[in-house]
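Keep the structure open while you read.

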Amino acid sequence: MLSSNPTIRSLFLEGPAGRLEALLNAGAENATHAALVCHPHPMFGGTLHNKVVFHTMKALNSFGFPVLRFNFRGAGLSQGEHAHGIGELDDVRAALDWLDSEFHLPLMFAGFSFGAAVGLRAACADSRVDAAIGLGLPVTPVAADTESPRVYTYEFLQTCNKPKLFVSGDRDQFGPRASLQALVASIAEPKKLVVIEGGDHFFEGRLRELREAIEAWVKEVQTTTAEN
C-alpha cells in the first residue's frame, strides 16, 4: 500500500446549481485511480466533513488515489438548495467530470447513506467509474424533519456489472440486515457485502473496521484487475 499524500486542496466545482464546495486530498504521482466520496443527507446535517466520509477518504487515499469530497447543493458553502436527491444526481456527475478532466484516470466511487443512494446511480451509469462502494445504504424509508419519507430504489444495480462493495452495521436502523442481504442478492456480480457486528448507521465505534473493510476490498479489486 502506498502512503497517502497529506496535501489538501480547498476548491469550488462548477455545479449545475452553482458552485460546490470541495476538498481534494492529493494522490501519488503513479496513482491508478482517482476517487470520489459523497456525504450523507444534508437535511440531517451531512457534509463532506462527516466521519464516515473522512475515514473512507483516508482508506482510498492510502492507495495513492487523489480523493475528492464535496458538499451537495445547499450544504456548507455550496450554492443552491436541497433537491431531494434529483438535482444532487447532477452534482455527482459534475464531480465525476471534474475528476476525469483533472486526472484522466479510471474513477472509483464511494458514498455514505444518501450519498450512496444518489451517487451509486450516477456511478453505475458512468463508464469512467470502474468500481463503486456503498456505505450504510438506506433500504428503508428515510425522512428529515422538513420532508416526507423518501424511499430509495436500486433497480439500476441489477445491471451494474462493476465491482461493488457494500458495508453496513448490523444495527443500522436504515438498513436492516435481512433487507440489505435481499437487495444485494438481487443485483449483478461482482459484489461483496460486509456487515460489521455492533455497527450502527454511522459506524460509531466501528470506523476502524469500516476502513479495514474498504482497504481489503480495494486490494482484492486491484489484484483481480491486474490478473485480467
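A hairpin joins strand E1 to strand E2 through 2 residues. The two strands run antiparallel, and 8 bridges join them. Strands pair if DSSP finds at least two bridges between them. Helices (H or I, at least four residues) and strands (E, at least two) are DSSP runs, numbered from the N terminus.

This is a predicted model: local features need pLDDT of at least 70, side-chain atom pairs count only at pLDDT 80 or more, and totals for chains, interfaces and linings use all residues. Residues are numbered from 1 along each chain as its sequence is written, and side-chain values use heavy atoms, with hydrogens and water left out.

**Sheet**
- The open sheet has 8 strands in the order E1-E2-E4-E3-E5-E6-E7-E8, with mixed pairing.
- Its edge strands, E1 (8-15) and E8 (191-196), each pair on one side only.
- Twist averages 20° from one strand to the next. Axes are lines fitted to C-alpha atoms, for helices over the stretch in contact, and angles run from 0 to 180 degrees between N-to-C directions.

**Strand pairs**
- Arg9 has Leu24 in E2 as its bridge partner.
- E5 (residues 107-112) and E6 (residues 129-135) run parallel, joined by 6 bridges.
- Ala110 has Ile133 in E6 as its bridge partner.

**Helices on the sheet**
- Helix H2 (residues 87-103) lies across E1, E2 (18-25), E3 (34-38), E4 (67-70), E5 and E6. H2 runs at about 160° to E3.
- Helix H4 (residues 177-186) packs on the sheet, touching E7 (164-169) and E8. Contact means heavy atoms within 4.5 Å.
- The direction of H4 makes about 170° with that of E8.
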